[in-house]
Amino acid sequence: MTRESGWGDAEWQRIVDLANDRPPLCVVHLDCSLEENIRRITSAEREHMRKPRDEEMARRNQSERKPLYGLDAQHLLQLDTTDLDAGATCDSIVTWLESNGVAPASG
């Protein structure tokens, strides 16, 4: 979720309020290279999910990037997923949560 919108501000505040009731707030920002983003966006699998497959959308999103919410969170993971598949990305997040004591160790 990016900053600079009334809707985004309100939604981020709802997330923060929820985290205040059920701490801690853990923020995960995922990123990948432009080339990988284009490869993922143009994949045929996205068509079955009725998602856009426009290469220019990836270029535009990266060139017009806006600041994200949560950069000041105590528990923040910024993860480059360029070389990770969905399973490895999930494993990385779980390991980070466990190592920061915000999730019980899986067995």
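**Reading salt bridges and strands**

Modeller: Arg 59 and Glu 55 are four residues apart in helix H4 (residues 55-63), so about one helical turn separates them. Helices (H or I, at least four residues) and strands (E, at least two) are DSSP runs, numbered from the N terminus. This is a predicted model: local features need pLDDT of at least 70, side-chain atom pairs count only at pLDDT 80 or more, and totals for chains, interfaces and linings use all residues. Residues are numbered from 1 along each chain as its sequence is written, and side-chain values use heavy atoms, with hydrogens and water left out.

Colleague: What do the side chains of Arg 59 and Glu 55 form?

Modeller: A salt bridge is a side-chain nitrogen of Lys or Arg within 4 Å of a carboxyl oxygen of Asp or Glu. Arg 59 and Glu 55 form one, with the closest N and O atoms 2.7 Å apart.

Colleague: How many salt bridges does the structure hold?

Modeller: Seven. Another one joins Glu 36 to Arg 39 (2.6 Å, N to O).

Colleague: Is Glu 36 buried or exposed?

Modeller: Buried means under 20% relative accessible area, exposed over 50%, partly exposed in between (1.4 Å probe, protein chains only). Glu 36 has 13% relative accessibility, so this residue counts as buried.

Colleague: Which face of strand E2 is covered?

Modeller: In a regular strand the side chains alternate between the two faces of the sheet. In E2 (residues 75-80), His 75, Leu 77 and Leu 79 make up the covered face, while Leu 76, Gln 78 and Asp 80 are on the uncovered one.
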